[in-house]
Amino acid sequence: MSIFNLEEQNSNIDYKIVAGLERLSQVYRILLWQKAKEHGLSPIQIQLLIFIHSHSAEKNTVSYLAREFNLTKATISDAIKVLEHKKLINKCTATTDTRSYTITLTPEGEQIMLQAQDYTGPLTGLISGTDEGNKKVLWQTIVDVISQLNKMKIISIQRTCYNCKHFKPGGNSGYCSLLNKELAIADIRIDCAEFVQ
């Protein structure tokens, strides 16, 4: 059985959904490639600039980035070398270990990131025009799928509410002891700056 066999796909809603998700992943690749080409970068280099800008220093190391993007350290190191050569990032060497460093954006890197981060614009526009009730159902499904993929160890790092020490199950979607509030589905995060494992 294959989701790509049209007879099987067209008679099975599960296969249709998975095939639809595969089609959406193509959209992300296309949009990211287009933005990367505009700036003479690769898609992973654009993603790194966006991630570095959006996350704290302890997450902006080669080791962490390799786990985040499910790539080898060598692949991340190569991308970082190109970004450094293009003067889009700086390496800030750790005072305790000169082999270790965190990565920050240069002003030029910040400019490229600001121009590139809107690559998801067409999808954001479509979603923003969707009914609020449908958005909540879609978000619940996405959060559940991501959570299950994390439990299956297909997605390695997840800074989601469901994996956080501050999260308590119950109520609508749970309770956050850090925010000291009941969480509705719209409150659930998949990348939280306050996440503690």
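The model is predicted, so local features need pLDDT of at least 70 and side-chain atom pairs count only at pLDDT 80 or more, while totals for chains, interfaces and linings use all residues. Residues are numbered from 1 along each chain as its sequence is written, and side-chain values use heavy atoms, with hydrogens and water left out. The chain is assigned domain 1 (13–120) and domain 2 (131–187), and its largest pocket has a volume of about 2,300 Å³.

**Domains**

- The domain bounds come from an automatic or database domain assignment.
- The centres of domain 1 and domain 2, taken over C-alpha atoms, are 24 Å apart.
- Seven residues of domain 1 are in contact with four residues of domain 2, where contact means heavy atoms within 4.5 Å.

**Pockets**

- A pocket here is an open set of points on a 1 Å grid over the protein atoms alone, with protein on both sides within 12 Å along at least five of seven lines; lining residues have an atom within 4 Å of a point.
- Grid points are joined across faces, edges and corners, and a volume is the space filled by probe spheres set on the points.
- The largest pocket is lined by 42 residues, and Tyr 28, Tyr 119, Ile 142, Ile 146 and Ile 190 are the ones nearest its centre.
- Two or more lining residues of this pocket come from each of α2 (13–38), α3, α4, α7 (121–128) and α8 (132–151); helices are DSSP runs (H or I, at least four residues) and strands are E runs of at least two, numbered from the N terminus.
- The largest share of that lining, ten residues, belongs to α2.
- Domain 1 and domain 2 each give at least three residues to the lining of the largest pocket.
- By class, this lining holds 26 nonpolar, eleven polar and five charged residues; Ala, Val, Leu, Ile, Met, Phe, Trp, Tyr, Cys and Pro count as nonpolar, Asp, Glu, Lys and Arg as charged, and the others, Gly among them, as polar.
- The second largest pocket has about 150 Å³ of space, and its lining includes Lys 59, Tyr 64, Ser 156 and Arg 159.
- Three nonpolar, five polar and two charged residues make up the lining of the second largest pocket.

**Cavity**

- A cavity is a set of grid points where a 1.4 Å probe fits but cannot get out, and one cavity of 30 Å³ or more is counted.
- The largest cavity has a volume of about 140 Å³.
- Of its 13 lining residues, Cys 161, Cys 164, His 166, Cys 176 and Cys 192 lie nearest the centre.

**Thr 61**

- Thr 61 sits in the loop between α3 (43–54) and α4 (62–69).
- Thr 61 counts as buried because its relative accessible area is 17%, and buried means under 20%, exposed over 50% and partly exposed in between (1.4 Å probe, protein chains only).
- Not counting residues up to four places away in sequence, Thr 61 touches Tyr 101, Thr 102 and Ile 103.
- A polar atom of the Thr 61 side chain lies 3.2 Å from the backbone nitrogen of Tyr 64.

**Arg 189**

- Arg 189 is in the segment after β5 (181–183), and its relative accessibility of 33% is why Arg 189 counts as partly exposed.
- The side chains of Arg 189 and Glu 194 are joined by a polar contact of 3.0 Å; such a contact is a pair of N or O atoms within 3.5 Å, and within protein one must be able to donate a hydrogen and the other to accept it, with residues adjacent in sequence counting only if both atoms are side-chain atoms.
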